Every structure is written in C-alpha cells, then in structure tokens.
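Subject: Structure for your review

Dear colleague,

Please find below the sequence and structure that I am handing over to you. My findings follow directly after them, and I would be grateful if you would read the two side by side.

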Amino acid sequence: MANKEFLPPSHLKASAHVSSMAQYKQMYEQSISDPESFWREIAKDLHWESQPSDKFFDYNFDHTSGPIFVKWMQGAKTNVAYNVLDRHIQNGKGDKIAFYWEGNDVMDEKKITFSELKTEVCRFANVLKDFGIQKGNKVSLYMPMILELVIAMLACARLGVVHSIVFAGFSAEALTNRILDAKCCAIVTADGMWRGTKLINLKNIADEAIKRCKENGYNIDHCIVVRHLSPNPNELRNGNSCTQQIPAKRPCYDLKINWDSSRDKWWHDLMSTKTDEESKKCPPVWCDAEDPLFMLYTSGSTGKPKGVLHTTGGYMLYAYTTFKYVFDYHDDDVFWCTADIGWITGHSYVCYGPLVNGSTSVIFEGVPYYPTAGRYWEIVEKYKVSKFYTAPTAIRCLMKYGDEFVNNHDVSSLKVLGSVGEPINPEAWLWYHNVVGKGKCAVVDTFWQTETGGHVLTPLPGATPTKPGSATFPFFGIRPAILTAEGKEVKGPVEEGYLVFKQPWPGMMRTVYGNHERFETTYFKKFPGYYCTGDGARRDEDDYIWITGRIDDMVNVSGHLISTAEVEAAIAEHSAVAEAAVVSHPHSVKGECTYGFVILNDGFELTDKLITELKCKVRTKIGPFAQPDYIQYAPGLPKTRSGKIMRRILRKIAVGDTDFGDISTLADESVLGLILKHRPQTI
Ligand code: WTA
C-alpha cells in the first residue's frame, strides 16, 4: 500500500503553478545548473532597495579548504516588513485580510487587514525605538499565538532588530539560557494564556527568567507585557490592535501577576502613546541581504541548544518561493498552518511565507481537541480554509477520535493538505488523504529543518505523484545525496544512508549564533563538501526519497526535536541519580517519546514519587513537552570498553526486544539481564 502512487488531483493541475513532472524537472534542472538566473528571476517579485554589489551567491561547504560560509545577494538592500506589508498595500491589497485570529476559546476571534497590520507594526516599531532599541539588537519574544506576536516580529524586522522567539512551552530556565546566549536587550511576553483547559502564567515564567539572568550578571531593562487575559474574565480582551471582538462568558480564573514598574510596561499603554498619524509611521530600515533577520534555538546533540541564525534576503526569498509552490498559492486561498510560531514551521509558514505572498491566513491559539476533537474542522469550515498544514502527531491524535469529527463539518474548501515535522506513517497519511481530504486533495509531506529555513524535500500539489510516507523529491535549488558511513555517494536505490545536501539554497542557516565553529562541526565536518542533515534516508527504485529518522541522539516527540543529552542532564541533576541514559521509544500518537534509565545513588529507591520528581526536573529545566513517558531503574548501563553508552541496546530493552545483535564491544554483558529484569511490566 505504501508504495501505491497517488496522482495530483486534476482540478488542481489546471491552475497549478507547476502542473506536471516534466515542468517540475525542467525548473528543477535550471535551479541546479544555473541557480543565479533561477533565483534572480524570482527575486524580481520582491522589493530590493538596491541590487547585490558583487556575486549573487557565494559559498564554501568544504571545511578542509577554508571556513564554511554561505552568502546570497550580498550588498542588496531590502526590508522584510516592507515586503510583507507596504509592497502589498501599494499593489492595492491593503484591505485584504492578513490574518483571521481564532482564540483558544471558541468565542474569541479577530481579524486584521494588511493595512491595519502595517499600522500596528509601525506603532510597535516606534515603541521599540523609544527604548533605544535599534538595528542589530536582539529582542526575545515569549508569547502565545496572538496577533501581537506577529506584530512584534515584523516591528523587529522593520528596524533590523533580530528577534529570538522562545516557544511559550519552554520553562524559565530554558528561556534564561536563550536570553543569555542571544544577549537580548528586551523581552516581550503576555500576562498569560490558555492552552485547552490549562492556564499558563507566562509573566511569572518571564519574571523568573529575568531574575535568573540577573543572578548571572545580565540585566533585562525592558519587559513589555501584552494584556491577553483580562483580570476580569468577562471583560473585553486587549482593546488595542484588532477590528473585531466578541465578548464572551469565560470560566473564572485566577491569574496573579507581579509587576516591577521600573521594568514592566503594558503593551497597550505603550501603543496608546502612538496614536496620531505621524507616530503610526515608521520608515523601514534598509538591511543588507545578509544582515540577520532572526535566530531560533534548536536542540543540539550535545545538549546545549544552538541559536540557528537566518538572514534577511535569502530567507525571505526562500520563504516566498517555497510557500508559493509547495502550497500552490493563489490569491483567493485561505491558508492555515497549525504550528506554533515558536517553532520554525510557524516562523516560515504562519508568518513570513504567507505574508510575503500576500496570503490570508488563520492563526489559532488553541489545541486540536479543545473543546472537542472537531475544533480543527470547525475552523476549516468557518474560514473556508483551502490550504492546511499540520503535523503527523495531530493527525494521529485526531484519527483516534474517529471520522465523525471531520464528517460533521463541511471541509470541502480544502485543496492541499501539508504534513511536517516527523515521518508520517502511511496509515495516518491515508486517513489524512481519505477522511480529511475526501480523496480529492493533494497531500504534501514536507521534509525540512530549523536549519533549512524552508521545505527542502517535498511534492508539489499539481505535479508530483505521491507515495504515503515519502517526502518525494527535492525542492528547487536543493541537491540531495545519500551517503554511506564512509561518505560515498550512492546513486539509485539505497536501503539507508545519510541525507546530505551538496549546494546551498537561499534560505539555509548561516551560522550558530556566537559559535561558528559549532556550525562547522555539527553540519560540515562529518562529510567535507556536504551539509549533513542528521537524518537517515532511503531512495526507492523510482527515485523517491523516504526519511528514516534521526541518526544522532535526538528524539522527535510530536514533531519537537529533543536532545537525549539535555534530558539526561536534567534528570541527573536530582540528588538521587548517579547516572541517566535516555533513548527514544515508539509512541502511537507522538511518534516517539523518551524513555529514561537511571542508576541511583546508594540509599535511594525508584518510587513513584521519585519518578514524578525526575519528570518534574525535565519539565522545569526544558519544558513540559520534553518530559519522559517512562523512567526505569537500571543497576548499570551497557557501555563499550571505552565507556560509551550503547544506546542502540537500550532502545531494544525499552521495547522489550532481547535480540541485541552484535554485543561484542560491550564491556559487561551481564548488565543486560539485570536492566531487563527492572523493565516495568506495564509498557
Ligand atoms: C524531522 C521542523 C520526516 C527530521 C520543520 C528533521 C521530518 C527534524 C519531516 C527537523 C518529514 C521534519 N518527514 N521527518 N516530513 N519534517 N522532520 O528543526 O528529523 O523542528 O531533521 O524543523 O524533524 O525538526 P525542526
């Protein structure tokens, strides 16, 4: 079944930007053989205040011949906020809806046009300017999925200020580390937020992070707080930036926040100082194409997160192009990407990609199963969403609730269904295709990474015959290869190898912020001349590429990459723990989850209470989403003679598989039986 091909729907083909494999191949060939002309032509759709001074692009992927670097359109001047707002307004699209905002609560909704969005962005950019924040400074955004987050991002972009968004599910400690590493001069947050039935006091977490920064000798002078949850649940919410508000009866809640008036400022108070026409204007700061646009932290296999740095021109060009072709964007589309803006998918396909194309999109604050498992489809029906983009985890979760939640809604507006973040199993793919898409939509399984900035392997809706579970073929400008462990390229079908890219594309990361050496080591040292994704892949007899999963010590839990080393470090902080090892374990909804083995110090026993404490350690050091599902006692760990933990074996023990394969390098075999004996029977 998984090898069955699904042809692009004929009703999409007729109007598609790319409507056949022949056209895809011809465009692809050009993008590879003459990248400069290919991207130069596309760049004409966007506004450049001045053209590149020298080479259109330049790079070195081989560290043995000098430092790694990637540059696109260096010397060209542009501004991303100008391109996503002013350019459309000048083209007569000012009154088009940029976003429909749908709150966690079914009664909460707002909408904002491109013109209104520009006004808010300029107002907030002027607020930042009042604080003396300027080009090159960094600002941390720790916010819910609300319009103010997009406004803050674009205000930064307008000024050339670099935003560093921290997903609002991260803990105070994770936020602290990211603020310190990026040296952010200000933080924008909100009082609190609802996620389904859970109330989260964001301001308290931000306060805690600011306090910890101070303890590390680093002061945050400005904390700007959006009043998202009114102190009175039945009052109107923040009355600043939106055109439509519906008062609603809400559950009672108790959100106590602390206030340091020398540092904390309400967003609406600051914005209300910018009311007259003049103060709502803010000329864009022209940035070099290679000036940083944002940084975003992603897990590193050593445990310390990496600040992935993206730049202005190339990222914008790539977000523009991938959004246009992968979702086959047309002017009358309503696009909805369910990802949180705190992850790269939200950066590229909630904010930048749709906006730079002038698309109307939905931003949703809540979760897929609140108040019911029909929420996604209710929203699709309400806004007539035509292009929908979500993660396999969400699909698997909703699948479990049954088809009627979809069937109760009119989802006939859907045309393209995207998947991202983790391998999608054929069963979930087929459900997505048949039940959500009624067999009439194109399913695009898009493979990419925080580092790649946008899609790199993906079908195109009007062109590519798809196979459930395969991310199919490279996007324009991407030259993939599959290497053996020795670094040899394998042509034709291959069972499994390392997925690498041979040539740069405009949207790829430029460095790890503050640590270029780590950038080189992580992505280029293993195979000189190639960007190494860290993923395994196979290629079938029809040249389709199938991602087989991470080949490093990372676990993909619900589409969130988690470093096992980081989870281990969190657990090992507990005084009861002598040593911890964490591995991946299959999970029917999350795809993978983490499974911890702990060696305890003398006098300790692994009680339920201790397990809860260890899970709590992970929640507070990283965030709730990283919490291990299982923790078991281990009297010892399987190690090689040189002391390296053999995780391959621990992964087997975690699933109860005793077929260990070659264990000749193991220092002490007897430990295996002992660990197995303590494996919980309930898994
Ligand atoms: C995994 C998310 C299989 C992969 C955009 C990658 C996928 C990591 C897919 C990046 C897919 C993402 N099929 N695996 N379609 N998309 N991945 O940085 O392991 O959060 O390296 O970026 O997710 O995760 P990140």
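This is a predicted model: local features need pLDDT of at least 70, side-chain atom pairs count only at pLDDT 80 or more; totals for chains, interfaces and linings use all residues.

A polar contact is taken here as a pair of N or O atoms within 3.5 Å.

Ligand site

A polar backbone atom of Gly-421 is 3.1 Å from a nitrogen atom of the ligand. The ligand taken alone exposes 520 Å², of which the protein buries 96%.

The ligand is surrounded by 17 residues, and the closest are Asp-445, Thr-446, Thr-450, Asp-535 and Arg-550. By class, this shell has seven nonpolar, six polar and four charged residues. Helix H11 (344–356), strand S20 (442–446) and strand S25 (545–550) each supply at least two residues of the shell. Helix H11 is itself mostly covered, with 13 of its 13 residues buried. After H11 comes Gly-358, which has a positive phi near 75°.

Overall form

The protein has 20 helices and 30 strands. For 683 residues, a compact globule would have a radius of gyration near 26 Å, and the value of 25 Å for the protein agrees with this. Along the principal axes, the C-alpha atoms fill a box of roughly 75 × 60 × 55 Å. Of the 683 residues, 62% are buried.

Sheet and strand pairing

Eight strands form an open sheet in the order S12-S11-S8-S6-S7-S14-S15-S23, with mixed pairing. Strand S12 (264–266) and strand S23 (511–512) stand at the edges; each has a single partner strand, so one side of each is left without a neighbour in the sheet. Within this sheet, strand S7 (residues 162–165) pairs with strand S14 (residues 292–298) in the parallel sense, over two bridges. Ser-164 has Met-295 as its bridge partner in S14.

Strand S1 (residues 57–60) pairs with S2 in the antiparallel sense, over four bridges. Here the bridge partner of Phe-57 in S2 is Trp-72. Strand S2 (residues 69–72) has two faces: Val-70 and Trp-72 form the covered one, whereas Phe-69 and Lys-71 form the uncovered one.

Backbone points to inspect

Which residue in the loop between S2 and strand S3 (77–78) deserves a look? Met-73 is placed there, and Met-73 has a positive phi of about 60° although it is not a glycine. Its relative accessibility is 1%, so Met-73 counts as buried.

Asp-328, in the loop between helix H10 (312–326) and strand S16 (334–337), also has a positive phi, near 45°, in a residue other than glycine. At 3% relative accessibility, Asp-328 counts as buried.

Finally, the peptide bond from Tyr-370 to Pro-371 is cis, with omega near -5°. Pro-371 lies in the loop between strand S17 (360–364) and helix H12 (375–383).

With kind regards

How values were computed
Residues are numbered from 1 along each chain as its sequence is written. Side-chain values use heavy atoms; hydrogens and water are left out. Buried means under 20% relative accessible area, exposed over 50%, partly exposed in between (1.4 Å probe, protein chains only). Two strands pair if DSSP finds at least two bridges between them. A residue is near a molecule or strand if one of its heavy atoms lies within 4 Å of it. A polar contact is a pair of N or O atoms within 3.5 Å; within protein, one must be able to donate a hydrogen and the other to accept it, and residues adjacent in sequence count only if both atoms are side-chain atoms. Accessible areas come from the Shrake-Rupley method with a 1.4 Å probe; for residues, only the protein chains shown count as cover. Ala, Val, Leu, Ile, Met, Phe, Trp, Tyr, Cys and Pro count as nonpolar, Asp, Glu, Lys and Arg as charged, and the others, Gly among them, as polar. The radius of gyration is taken over C-alpha atoms; the globule rule is 2.2 Å times the number of residues to the power 0.38.
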